[in-house]
Amino acid sequence: MIELRGVGKRYPGRPAVLRGVDLTLRPRDIVAVTGGNGSGKSTLLRIVAGVSRPSTGTVTGRPAPVGWVPERFPAQQRVSARDYLTHHGRIRGLDTHRARRRAGELLDRLALVGGDATRLRDLSKGNAQKVALAQALVVPPELLVLDEPWSGLDASAHATLRELIADVAGAGGTVVLTDHREAVLEATATVVHHIDGGRLVARTSTVDTAVVDLAGSGPPPWRGMPGVFEAHRDGGVVRIRVDGARCDELLAVALHEGWSVRGVRR
Amino acid sequence: MTALVRYTLSMTVHGQAYLPPLILWASAVVVLTMNDLGPLTGSYAACAMTLFVCLTWLTAVQVNTESQTQRAMTAVAAGGLPRVFVAHVLAALVFSAALTAVGLVFPIVAGTHTVTAADVAIGATAQGICAVTGIAAGLLCSRPVVPRTGYAVVLALLLDGFLLIANAVPPVGPVVRGLNAGIPPGRLAGHAAVAVALLVLAVATASAVASRRD
């Protein structure tokens with residue numbers, strides 16, 4: 001559990017960016033921070049990830065490894081995306097073979113345009129964003145911090161991103177992310193906080209979610225059902241994250257369609 | 001740390017900005033030691049001086065290869081900004097070792113000297129001292145410490161110029177001049193300790209200044 005207590009941030013010669021932020025982040029939480037431009041949400045995320053040190057207050061309980069995806073990934077090197085990620089895998093403790101394989105898997109999954117031999121300096125904004133994302137996931141993180149991860153990504157990568165986020169949270173990790181489109185966050189996050197003028201405004205909503213594991217075949221009956229945040233296949237079962245209030249409804253429909261319930265967690 | 005040093009070296013070599021300082025070093029070593037007839041330590045003094053300037057430039061270039069955001073990502077992966085700077089130092093030491101090896105052999109091959117093991121050992125130590133001090137100066141002139149390139153260049157010229165000219169300020173000036181005059185090995189050990197202390201100080205300063213800005 002990561003705890004921020006009275007966190008403030010001030011850069012020399014400028015007004016405070018953050019003031020008195022208290023925030024608790026639990027395992028399996030997908031925490032969204034919303035706010036306008038310059039509201040301090042990027043700074044808050046940098047402090048959560050450990051990139052910036054707070055000027056006042058404390059951050060305790062940050063787990064390792066941490067994955068941090070900045071809003072922009074400026075890279076001017078000639079090194080290929082695959083080699084860059086392999087290096088990052090090794091820095092995070094993988095051997096060369098496993099680092100290379102993991103890099104290839106992630107880039108395949110994110111469908112990097114131009115292939116994984118593309119040099120960093122030749123990547124478009126969206127593709128650079130994919131490399132930054134893969135960099136944070138080379139070793140499955142206990143804490144994943146994403147600054148506007150949807151910006152610049154194509155539509156097909158949106159679904160992959162949601163799956164990757166769900167994987168991290170499903171494995172017991174904590175995910176913190178921002179976006180300025182509240183609708184996107186409501187669909188993904190389990191907890192939403194709003195930040196305004198460097199202060200955290202009372203949480204706007206907490207969605208009670210349930211995770212349902214189903215086994216079976218045929219057309220998925222939950223497709224298009226209200227309250228279903230996401231579904232992805234994990235081995236023989238399909239793992240569905242659903243609004244807690246709609247959980248029974250989903251189970252009833254699934255059982256009626258001949259699917260078998262393997263597990264329900266709140 | 002091995003992985004981090006390997007990454008740092010790879011990013012530097014892919015960047016190609018390391019070439020100008022190496023070309024400077026190679027030209028200066030050739031011009032200053034070719035067909036030299038004097039004592040071997042005199043040629044080594046020229047190599048040490050050149051290595052000092054080259055390593056200042058090379059270290060700064062190496063640190064500047066990564067953008068601020070990229071450096072922060074690497075720091076998150078590596079477990080802290082100080083480790084990133086230590087990796088830069090180790091990578092620069094790899095370059096230093098290679099250049100020192102050439103700087104020890106080339107004057108023997110290119111000039112006419114009486115070669116003794118003691119002279120070669122003194123030359124190696126002196127070049128090591130100058131390389132380490134050069135790395136320290138390079139860290140202080142890198143973008144995380146001095147963000148504006150113009151100021152960084154001025155600072156590098158002043159810092160290197162001062163350390164080369166100031167005869168009483170250890171370690172570079174006294175070592176380079178001492179090689180020409182026959183410096184006792186005991187004095188070299190003292191200068192080596194000063195050089196290492198400067199490098200530790202530079203890593204601490206660079207980490208502190210860079211993390212204040214993040």
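**Close-up views of salt bridges and a helix pair**

Figure 1. A:Glu105 counts as partly exposed, because its relative accessibility is 43%, a value between the limits of 20% and 50%. The view is taken from a predicted model. A:Glu105 forms a salt bridge with A:Arg102, and the closest N and O atoms of the pair are 3.8 Å apart. A:Arg102 has a relative accessible area of 24% and is therefore also partly exposed. Both residues belong to helix H3 (residues 96-110) of chain A; because they lie three residues apart in this helix, about one helical turn separates them.

**Figure 2. The salt bridge between A:Asp167 and A:Arg109.** The closest N and O atoms of A:Asp167 and A:Arg109 are 3.2 Å apart. This pair links distant parts of the chain, since A:Asp167 lies in helix H5 and A:Arg109 in helix H3 of chain A, 58 residues apart. A:Asp167 is partly exposed, with 27% relative accessibility, and A:Arg109, with a relative accessible area of 36%, is likewise partly exposed. A:Arg109, A:Asp167 and A:Glu163 are joined into one network by salt bridges that share partners.

**Figure 3. A buried salt bridge between A:Lys41 and A:Glu148.** Over all chains, ten salt bridges are found in the whole structure. In one of them, the side chains of A:Lys41 and A:Glu148 meet at 3.7 Å, N to O. The partners come from distant parts of the chain, 107 residues apart. A:Lys41 is in helix H1 (residues 41-49) of chain A, while A:Glu148 is in the loop between strand S6 (143-146) and helix H5 (155-170) of chain A. Both A:Lys41 and A:Glu148 are buried.

**Figure 4. Packing of helices H6 and H9 of chain B.** Two packed helices are described by the angle between their axes and by the distance between those axes. Helix H6 (residues 117-140) and helix H9 (residues 185-213) of chain B pack at an angle of about 20°, with axes 8 Å apart. H6(B) and H9(B) are therefore roughly parallel to each other, a description that applies to angles under 35 degrees. Their crossing is left-handed. The contact is made by residues including B:Ile122, B:Ile129, B:Val132 and B:Leu139 of H6(B), and B:Leu188, B:Ala195, B:Leu199 and B:Val203 of H9(B). By class, the contact of H6(B) with H9(B) has 15 nonpolar and four polar residues, and no charged residues.

Terms used: Residues are numbered from 1 along each chain as its sequence is written. Chains are lettered from A and ligands numbered from 1 in the order in which they are written. This is a predicted model: local features need pLDDT of at least 70, side-chain atom pairs count only at pLDDT 80 or more; totals for chains, interfaces and linings use all residues. Side-chain values use heavy atoms; hydrogens and water are left out. Axes are lines fitted to C-alpha atoms, for helices over the stretch in contact, and angles run from 0 to 180 degrees between N-to-C directions. Helices (H or I, at least four residues) and strands (E, at least two) are DSSP runs, numbered from the N terminus. Angles under 35 degrees count as roughly parallel, over 145 as roughly antiparallel, 65 to 115 as roughly perpendicular and the rest as oblique. A crossing is left-handed if the near helix is turned anticlockwise from the far one by less than a right angle, and right-handed if clockwise. Contact means heavy atoms within 4.5 Å. Ala, Val, Leu, Ile, Met, Phe, Trp, Tyr, Cys and Pro count as nonpolar, Asp, Glu, Lys and Arg as charged, and the others, Gly among them, as polar. A salt bridge is a side-chain nitrogen of Lys or Arg within 4 Å of a carboxyl oxygen of Asp or Glu. Buried means under 20% relative accessible area, exposed over 50%, partly exposed in between (1.4 Å probe, protein chains only).
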